[in-house]
Amino acid sequence: MNVKLLGTVLASALLASTPALVSAQARPAATAAQPSPAARTVLDSSTRIIDTLQSRRSEFRSNPAALRSFIDGELSRGFDRDYAARLVLGVHGRGASDEDVKLFADAMADNLMSRYGSTLLDIQGKPSFRYKGETALPGNRGVKVTTELVRSGSEPTPVEYLMRNVGGQWKIFDVMIEGISYVQTFKNQFDAPLRQKSIRQVATELRSGSIQANAGPAPRGK
């Protein structure tokens, strides 16, 4: 997964969104002219977060703690990371306690942000997301919101958000960039460590940095 694309998508999706209040039932396909509450959540939050990153870029560059505080606040709001972590754990998460899953989810998020958080400040121009449509996920699991990432001088990049309704709020649990799934990427990466160690052990090593959540090439200087 390209690290520049990861940074942009983290800014709009994995950093999540202000949850939208909606009916508990997932909606079927929506027209491009009428984005559903789930799609509106993605589009509104994308604009808000990217605008904040650009308007506070100088501050964030000189004050990494402020950037981390911003990231932590956004990440906790609309990205369903515990559910995403269960998907990443796959068979290794069967029977796992909610506490262990949360430890893994938080450690993976912290590891990713410590490695890639600063790349969010390298986004050039003003990228935007163009809404393409929405379809229901099989088994009434939620919806897939299809967008394109539009950047000056580049071809539009397909970005899909998998979302589910949690207590009346739409939350993102997976992101697909050019067909490559965030969940599947890390599910493949952590399969081997989880065959050898417990979830808690892997989470501890992620937290310490002895193993890395590798979403792409490591940032320069790391």
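These legends describe close-up views of a predicted model.

**View 1. Confidence along the chain.**
This is a predicted model, in which local features need pLDDT of at least 70, side-chain atom pairs count only at pLDDT 80 or more, and totals for chains, interfaces and linings use all residues. Residues are numbered from 1 along each chain as its sequence is written, and side-chain values use heavy atoms, with hydrogens and water left out. The pLDDT is the predictor's confidence in each residue, from 0 to 100. Its chain average is 78, and 78% of the residues score at least 70. Confidence is lowest in helix α1 (residues 3-14), with a mean of 50. It is highest in helix α8 (residues 199-208), at 95. Residues 14-33 have pLDDT below 50; this stretch makes 66 contacts in the model beyond near neighbours in sequence. Residues 217-222 are also below 50, with ten such contacts. A contact means heavy atoms within 4.5 Å. Helices (H or I, at least four residues) and strands (E, at least two) are DSSP runs, numbered from the N terminus.

**View 2. The buried side of helix α5.**
Helix α5 spans residues 81-89. Its buried residues are Arg81, Ala84, Ala85, Val88 and Leu89. They cover an arc of only 140° around the axis, so they lie on the same side of α5. The arc is taken from the directions from the helix axis to the C-beta atoms. Buried means under 20% relative accessible area (1.4 Å probe, protein chains only); exposed is over 50%, and partly exposed is in between. Just after α5, Gly90 has a positive phi of about 55°.

**View 3. The aromatic cluster.**
Phe79, Phe104, Tyr182, Phe186 and Phe190 form one aromatic cluster. The whole structure holds seven aromatic pairs. Rings of Phe, Tyr and Trp (its six-membered ring) pair if their centres lie within 6.5 Å; planes under 30 degrees apart are stacked, over 60 edge-to-face, and the rest tilted. Phe104 and Phe190 have ring centres 5.5 Å apart and planes at 85°, so this pair is edge-to-face. Phe104 belongs to helix α6 (residues 98-116) and Phe190 to helix α7 (residues 182-196), so the pair ties together parts 86 residues apart in sequence. Both residues, Phe104 and Phe190, are buried. For Tyr182 and Phe186, the centres are 5.1 Å apart and the planes at 75°, so this pair is edge-to-face. Tyr182 and Phe186 are four residues apart in α7, about one helical turn. Both Tyr182 and Phe186 are buried.

**View 4. A charge over a ring.**
Arg164 lies over the face of Tyr83, 3.8 Å from the ring centre. The criterion is NZ of Lys or CZ of Arg within 6 Å of the ring centre and within 35 degrees of the ring normal.

**View 5. The five-stranded sheet.**
The sheet is open, with strand order β1-β2-β3-β4-β5 and antiparallel pairing. Two strands pair if DSSP finds at least two bridges between them. β1 (128-136) and β5 (180-181) stand at the edges with a single partner strand each, so one side of each has no neighbour in the sheet. Eight bridges join β1 to β2 (residues 143-150). Glu134 has Val145 in β2 as its bridge partner.

**View 6. Two hairpins.**
β2 pairs with β3 (residues 157-166) over seven antiparallel bridges. Lys144 stands opposite Leu162 in β3. Six residues separate β2 and β3 in their hairpin, and Gly153 in the turn has a positive phi of about 80°. β3 and β4 (residues 169-177) run antiparallel, joined by eight bridges. Val166 faces Gln169 in β4. Their hairpin has two residues between the strands, and Gly167 takes a positive phi near 60°.
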